[in-house]
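Student: I would like to learn how to read a few features of a structure, one after another. Could we go through them together with the model in view?

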Amino acid sequence: MSGIRSQFDARTSKWGISDIFNYHRGADDDFSAHMDLCSNLCVSKDVVEFGFRWGQSTAAFLITANSVVSYDINPCMQPREIFEEAAAVDGLKWEFREGDSLKAGPADCDILFIDTDHTADQIYAELNIHHVGVREGGLIIMHDTQTFGQMKGSINKFMDENQQWGVLDHFTNCHGLTVLHRGPSTQNL
Ligand SMILES: C[S@@+](CC[C@H](N)C(=O)[O-])C[C@H]1O[C@@H](n2cnc3c(N)ncnc32)[C@H](O)[C@@H]1O
């Protein structure tokens, strides 16, 4: 069982999104160091994420976004219960969809976040399917791009074939986080 689930089960009052955010941000877990950046990038935006699990990224987006749709191939019942409570407490627009990123249609959003199984073929296919759904001025954010080095080759191939997209930022800490925008690359991956 995840640490957050034990804390949630021991709560003495209902949790809002700040309780989830603060738990994950303080947990020194594999996404904690990216949470502030993601929150800042998503203020009032519509976010679609692929890869929910225990919702570290979800909490980072949901605390500032207008709406978040979270996809996962697994039902994720225990973490969903935590987010459903927070969504009700804070009146948040959050929806969970059980589904495969490769079978879902292009996601209409300002921010597309990808954090699934990190293989070269998977990220290449996900980028190709979903980049068209990202609105003008929007971003694609991918986690684990440093630890799973094979993702970089696929992201570069995608950008070669879709030259409107370039690297806005790449962070090497906390397994890596890469941000693409419609514009020139500011650095190489
Ligand atoms: C690294 S975890 C996501 C972590 C999450 N973003 C967070 O910050 O807590 C990867 C998740 O992707 C899901 N996943 C793997 N392949 C997928 C696919 N093809 N479509 C949707 N979800 C997938 C897994 O079930 C798993 O929950």
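**Reading a helix pair and its surroundings**

Tutor: The axes of helix α6 (residues 120-130) and helix α7 (residues 150-161) come within 8 Å and cross at roughly 30 degrees, where axes are lines fitted to C-alpha atoms, for helices over the stretch in contact, and angles run from 0 to 180 degrees between N-to-C directions. Two packed helices are described by the angle between their axes and the distance between the axes. This is a predicted model, in which local features need pLDDT of at least 70 and side-chain atom pairs count only at pLDDT 80 or more, while totals for chains, interfaces and linings use all residues. Residues are numbered from 1 along each chain as its sequence is written.

Student: What does the angle make of α6 relative to α7?

Tutor: Angles under 35 degrees count as roughly parallel, over 145 as roughly antiparallel, 65 to 115 as roughly perpendicular and the rest as oblique. The angle therefore makes α6 roughly parallel to α7. The crossing of the two helices is right-handed, a term used if the near helix is turned clockwise from the far one, and left-handed if anticlockwise, by less than a right angle. Helices (H or I, at least four residues) and strands (E, at least two) are DSSP runs, numbered from the N terminus.

Student: Which residues of α6 and α7 meet?

Tutor: Contact is judged by C-beta atoms placed from the backbone, which must lie within 7 Å. From α6 come A120, I123, Y124, L127 and N128, and they meet Q150, M151, G153, S154, I155, K157 and F158 of α7. By class, this contact has seven nonpolar, four polar and one charged residues, with Ala, Val, Leu, Ile, Met, Phe, Trp, Tyr, Cys and Pro counted as nonpolar, Asp, Glu, Lys and Arg as charged, and the others, Gly among them, as polar.

Student: Is helix α2 mostly covered or mostly open?

Tutor: A residue is buried if 20 or more other C-beta atoms lie within 10 Å of its own, exposed if 12 or fewer, and partly exposed in between, with C-beta atoms placed from the backbone. Helix α2 (residues 17-26) is mostly covered, since seven of its 10 residues are buried, namely I17, D19, I20, F21, Y23, H24 and R25. Their cover includes α1 (3-9), α3 (35-41), α4 and α5 (77-90). After α2 comes D28, whose phi is positive, near 50 degrees.

Student: Where is S44, and why does S44 count as exposed?

Tutor: S44 is in the loop between α3 and β1 (46-50), and S44 counts as exposed because it has 9 C-beta neighbours inside 10 Å. Its phi is near 65 degrees, a positive value in a residue other than glycine.

Student: Which residues are closest to the ligand?

Tutor: A residue is near a molecule if its C-beta atom, placed from the backbone, lies within 6 Å of it. Here 19 residues surround the ligand, and the closest are G51, R53, Q56, S57 and S101. The elements that give two or more residues to this shell are α4 (56-62) and β2 (67-72). R53 is in the loop between β1 and α4, and has a positive phi of about 45 degrees although it is not a glycine.

Terms used:
Two residues are in contact if their C-beta atoms, placed from the backbone, lie within 7 Å.
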